Amino acid sequence: MLDARIRLLIDPTLNAVGRTLSAHGVTANTVTLVGLGIGALAAAAIALGAFWTGLILLLASRIADGLDGAVARASVKTDFGGYLDIACDFLFYGLIPMAFVWHDPLANGAAGAWLLTSFYFNGASFLGYAMLAGRHGRTTSAQGQKSLYYSNGILEGTETIVFFVLLCLFPTYFTIGAWLFGGLCFLTASLRLRAASLIFLSHTKD
């Protein structure tokens, strides 16, 4: 819900840094993989109870996630690069809840399973919508230049990162946060399915 507005604020800076990195031979795929590696370190820190370290690494990972697209725009955008980016994003979004479950399986296990299931459903609805949108020639630049159609929703990347930050700041509230955020993810996916039915149900495959 906030991604489009955030992009307007951060894209100028990201694009400037992206041009610099590209000029020094750094590729977008390298930035993507570095961001994922930092995200994995964030998850490890959280699992070990080092929440402040995890928070810093988490934010660094998301900065890298924003920079990979900027580097691609300054150099060469490829279909594989877009694919790698979305795959790494989804892995990152799974690693952080898993880390909180590993930190305290007894207290966080049930809520963590609920949250991860909601992410799975939300991700499937997102990618399925993108597939249908691409097949029918629909485009959008609301979240910047992307390799696939980004359908908006109640919860997007910005809200998820804010949620992760709050979990790192207040880890004892993981359970209630996971139940609430997971419920909103299920609602987001359900609304996206509803939108897809209204837009694509009447279309037949050419």
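What pattern does the protein chain follow when read along the sequence? The pattern is α-α-α-α-α-α-α. That gives seven helices and zero strands. Helices here are DSSP runs of H or I with at least four residues, strands are runs of E with at least two, and both are numbered from the N terminus.

Before the details, some ground rules. This is a predicted model, in which local features need pLDDT of at least 70 and side-chain atom pairs count only at pLDDT 80 or more, while totals for chains, interfaces and linings use all residues. Residues are numbered from 1 along each chain as its sequence is written, and side-chain values use heavy atoms, with hydrogens and water left out.

Let me start with helix H5. H5 covers residues 105–135, which is 31 residues, and at 1.5 Å a residue it should span 45 Å. The expected span is 1.5 Å times one less than the number of residues. The end C-alpha atoms of H5 are 42 Å apart, which agrees. H5 also bends by about 30° at Ala 111; the bend is the angle between axes fitted to the seven residues ending there and the seven starting there.

Next, burial. Buried residues make up 42% of the 206 residues in the protein chain. Buried means under 20% relative accessible area, exposed means over 50%, and partly exposed is in between, with a 1.4 Å probe and protein chains only. Cys 88 is buried, because its relative accessible area is 8%. Cys 185 is also buried, at 2%. The structure holds zero disulfides, a disulfide being a pair of cysteine sulfur atoms within 2.5 Å.

Leu 184, in helix H7, is partly exposed because its relative accessibility is 36%.

Now the surface. A nonpolar patch of about 870 Å² is made by Trp 52, Val 162, Leu 166, Leu 169, Phe 170, Tyr 173, Ile 176 and Leu 180. Two elements give two or more residues to this patch: helix H6 (157–169) and helix H7 (174–200). H6 gives the most, with three residues. Patch residues have over 30% relative accessible area and no salt bridge, and nonpolar side chains (Val, Leu, Ile, Met, Phe, Trp, Tyr) are joined within 5 Å, like charges within 9 Å. A salt bridge is a side-chain nitrogen of Lys or Arg within 4 Å of a carboxyl oxygen of Asp or Glu. Areas come from the Shrake-Rupley method with a 1.4 Å probe, and for residues only the protein chains shown count as cover.
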